[in-house]
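Work through the exercises below with the structure open. Each task is followed by a stepwise solution.

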Amino acid sequence: MADLRSVSTTGARPDGAPTLRHELKRETADLHRRLEMALGLLESELSLDRYRRVLELFLGFYAPVEAGLAHVASAGQPLGLQLRTRTALIESDLLWLGLSRQEIADLPRCADLPRLSCLEDLAGCLYVLEGACLGGQMIAPALRERLGVTEGSGGSFFSGEAGGTRERWRSFVGWLEGLARAGAATAEIIASGRATFLTFARWVEQ
């Protein structure tokens, strides 16, 4: 997933300390690179078959993770952030690429998921998923050029909200920094971000 997560806010708080977003970026950088290498979405030799396989892996991870996020969100206090589900976009892309609904339903789902039991877990996991949406803005043009997939024709997941994606990321960062100011356990948020990257990378590498 291409890293465009430096587009918003400065790197430090007024007291000179790094923001939570920048701590997350620093502490997850190694696992982010590992996942990007495993996916290979920007490799020049990427084929349509390989792209379809990547989408199948994304579905196998996103579907159970988004279900877990929804469960945490419904069990606690209002988040102050509207969750965005992207599983349906992956399904629509796979349908366009020739899979049937039954074949999609039968695709394996990841069982080794990051822990999602509290707000800190949710925040760290969302850092990864929201960052993937932002990175998709770099990946989508490459996929269009190399494979001919676009929004509505196999490329909806990476196209995302197009022009609204950066604003969504800024809103998410504001929400994330608000959690830190309110006293959330930032070490747990960072641990969740690392766990999400690690479980996703392992799922892809298998």
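**Exercise 1.** Decide whether Phe158 is buried or exposed.

Solution. This is a predicted model. Step one: take the cut-off, under 20% relative accessible area for buried. Step two: Phe158 has 2% relative accessibility, so Phe158 counts as buried. Step three: repeat for Phe157. At 2% relative accessibility, Phe157 is buried too.

**Exercise 2.** Classify the ring pair Phe61 and Phe200, and say which helices the pair joins.

Solution. Start with the total: twelve aromatic pairs are counted. For Phe61 and Phe200, the ring centres are 4.2 Å apart and the planes meet at 5°. Stacked requires planes under 30 degrees apart. The pair is therefore stacked. Now place the residues. Phe61 sits in helix H2 (residues 48-75) and Phe200 in helix H8 (residues 186-205). The pair therefore ties together parts 139 residues apart in sequence. Phe61 and Phe200 are both buried.

**Exercise 3.** Classify the pair Phe157 and Phe158, then find what lies over the face of Phe157.

Solution. The centres of Phe157 and Phe158 are 4.9 Å apart, with planes at 85°. Edge-to-face requires over 60 degrees, so this pair is edge-to-face. Over the face of Phe157 lies Arg86, at 4.5 Å from the ring centre. Ring pairs also link Phe157 and Phe158 into a cluster with Tyr51, Phe58, Phe61, Tyr62 and Phe200.

**Exercise 4.** Compare the protein with a compact globule.

Solution. First, count elements: eight helices and zero strands. Next, for 206 residues a compact globule would have a radius of gyration near 17 Å. The protein has 17 Å, which agrees. Finally, buried residues make up 50% of the 206.

Definitions and conventions
Residues are numbered from 1 along each chain as its sequence is written. This is a predicted model: local features need pLDDT of at least 70, side-chain atom pairs count only at pLDDT 80 or more; totals for chains, interfaces and linings use all residues. Side-chain values use heavy atoms; hydrogens and water are left out. Rings of Phe, Tyr and Trp (its six-membered ring) pair if their centres lie within 6.5 Å; planes under 30 degrees apart count as stacked, over 60 as edge-to-face and the rest as tilted. Helices (H or I, at least four residues) and strands (E, at least two) are DSSP runs, numbered from the N terminus. Buried means under 20% relative accessible area, exposed over 50%, partly exposed in between (1.4 Å probe, protein chains only). A charge sits over a ring if NZ of Lys or CZ of Arg is within 6 Å of the ring centre and within 35 degrees of the ring normal. The radius of gyration is taken over C-alpha atoms; the globule rule is 2.2 Å times the number of residues to the power 0.38.
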